[in-house]
Amino acid sequence: MGNVLSYSGISTKIRAMQSKLITEAQLKEITQLPSVPQIFAYLKRTPEYRDVWASVDENELHRGQIEKMLKTSIFNNFSRLYHFANPKQREFLDLYSRRYEIRVLKEIMTNIFDHRNTDPVDFSPYEEFFRHHSKLDLKKLAACSTMEELLNSLKGNEFYVPLSHIQNRETKALLFDYGMTLDLYYFSLIWNIRKKLFKGTDLKQITLAYGEKFDMLNLQFIQRSKRYFHMPPADVYALLIPMNYKLKKEEIRALVEASGYEEAIQIFRNTYYGKKYQELTVGNLEEFYNVILRTTLEKEAGRDPYSVAMLYSYLYHKEHEVNRLTIAIECVRYGISSDEAMRYVRNN
């Protein structure tokens, strides 16, 4: 009863918001449209975007502006949920929002590494969100043109320590190194703090959702590093998320140190994921990653709508919607057939 009372308000809000998300049938219709402005006109008629975009003329927008407006919708919806959340639920949302901060830091670092001094990062989709939900100073960060300046601007922030460790090592750090460091910091934070934030059903659901996510990401890292980059085991281990759920340490070791692709396939088939998902193979891990995560969240949210799974599931699906719409827009822009475009959409 406690969970029902605790989540009843926000669950009602989530159900209403979830009913407005773009469906796969609508995505199919979007990929059949002849131009990007017509996609915007279509979206303006949907419950999700109708009220916010009503006054905008689709003929005056270009693709980049539409994508920014889609991004903004993620942060607006997050803020709406935050308003309805109780203090305990806000703790999870504060933790979840680190992914948005990391997204912005990665954009800034990409700008620095590409030397785009004349093309600064556009923070307009994030400004309102950061004003209320972040301690990062966007204007200060946007003014940075080197990693040294960025790190100095981050002093006192939680991201400073992990990034400074990369900056201070002997070999020159690449953009990939900084990005991976932020991801690993975020994943470790979630895994280590979950037992302090949650108990009972909530703890079980968060452990399942993130546990499978981390295992699948590790499997992807191993597959990519061995199949495409032929990396030595020591370098592969450095990329892995230091948490285990259903994937045992000895199985990870065996996969990393497998002598070839065929041996890795045999090892994988004997893992928890190889047995549970018969259609899953070493070769289609990336394609199935989103399918498995989405299915897990939907199942847990459906099983217990008065739990943190409902909250996490909605946030995931909203971001997923924006990713899929962005892909659909690109496909229409380049004249890709609807059937082919939907293959790209479904793989995301």
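Mentor: Ground rules come before the labels. This is a predicted model: local features need pLDDT of at least 70, side-chain atom pairs count only at pLDDT 80 or more, and totals for chains, interfaces and linings use all residues. Residues are numbered from 1 along each chain as its sequence is written, and side-chain values use heavy atoms, with hydrogens and water left out.

Trainee: Why is Gln89 called buried?

Mentor: Buried means under 20% relative accessible area, exposed means over 50%, and partly exposed lies in between (1.4 Å probe, protein chains only). Gln89 has 3% relative accessibility, so it counts as buried. Gln89 sits in helix α6 (residues 87-96). Helices here are DSSP runs (H or I, at least four residues), as are strands (E, at least two), numbered from the N terminus.

Trainee: Which residues does Gln89 touch?

Mentor: Contact means heavy atoms within 4.5 Å. Leaving out residues up to four places away in sequence, Gln89 touches Ser6, Tyr7, Ile10, Phe84 and Leu311.

Trainee: What makes the pairing of Gln89 with Ser6 a polar contact?

Mentor: A polar contact is a pair of N or O atoms within 3.5 Å; within protein, one must be able to donate a hydrogen and the other to accept it, and residues adjacent in sequence count only if both atoms are side-chain atoms. The Gln89 side chain reaches the backbone oxygen of Ser6 at 2.9 Å.

Trainee: Is Arg90 buried, partly exposed or exposed?

Mentor: Partly exposed, because its relative accessible area is 30%. Arg90 is also in helix α6. Its side chain reaches two backbone oxygens: that of His83 at 3.5 Å and that of Ala85 at 3.3 Å. Beyond four places in sequence, Arg90 is in contact with Tyr82, His83 and Ala85.

Trainee: And why is Lys172 called exposed?

Mentor: Its relative accessibility is 75%, so Lys172 counts as exposed. Lys172 lies in the loop between α11 (160-167) and α12 (175-197).

Trainee: What counts as a nonpolar core?

Mentor: A set of buried Ala, Val, Leu, Ile, Met, Phe, Trp, Tyr and Cys residues joined through side-chain atoms within 4.5 Å. The largest one has 110 residues, and Leu43, Phe92 and Tyr210 have the most contacts inside it. Helix α19 (residues 308-333) gives the most to this core, with 12 residues.

Trainee: What surrounds Leu43?

Mentor: Leaving aside neighbours within four places in sequence, Leu43 is in contact with Ile22, Ile30, Tyr49, Arg50, Trp53, Leu70 and Leu325.

Trainee: Why does Val322 count as buried?

Mentor: Because its relative accessible area is 4%. Val322 is in helix α19. Not counting residues up to four places away in sequence, Val322 touches Tyr49, Leu70, Lys71, Ser73 and Ile74.

Trainee: How do you know that the buried residues of α2 line one face?

Mentor: Helix α2 (residues 24-31) has Leu27, Ile30 and Thr31 as its buried residues. Seen down the axis, they fall within an arc of 95 degrees, so they line one face of the helix. The arc is that of the directions from the helix axis to the C-beta atoms. The cover over these residues includes α3 (36-43), α19 and α20 (338-346).

Trainee: What about α16?

Mentor: In helix α16 (residues 261-269), Ala264, Ile265, Ile267 and Phe268 are buried. They cover an arc of only 165 degrees around the axis, which puts them on the same side of α16. These buried residues pack against α13 (200-227), α15 (249-256), α17 (272-276) and α18 (285-303).

Trainee: Why is the pair of Phe92 and Tyr96 called tilted?

Mentor: Rings of Phe, Tyr and Trp (its six-membered ring) pair if their centres lie within 6.5 Å; planes under 30 degrees apart count as stacked, over 60 as edge-to-face and the rest as tilted. The whole structure holds 26 aromatic pairs. For Phe92 and Tyr96, the centres are 6.0 Å apart and the planes at 50 degrees, so the pair is tilted. Both lie in helix α6, four residues apart, about one turn of the helix. Phe92 and Tyr96 are both buried.

Trainee: What makes Lys246 a charge over a ring?

Mentor: The rule asks for NZ of Lys or CZ of Arg within 6 Å of the ring centre and within 35 degrees of the ring normal. Lys246 lies over the face of Tyr245, at 5.3 Å from the ring centre. Lys246 also lies over the face of Tyr272, at 5.4 Å from the ring centre.
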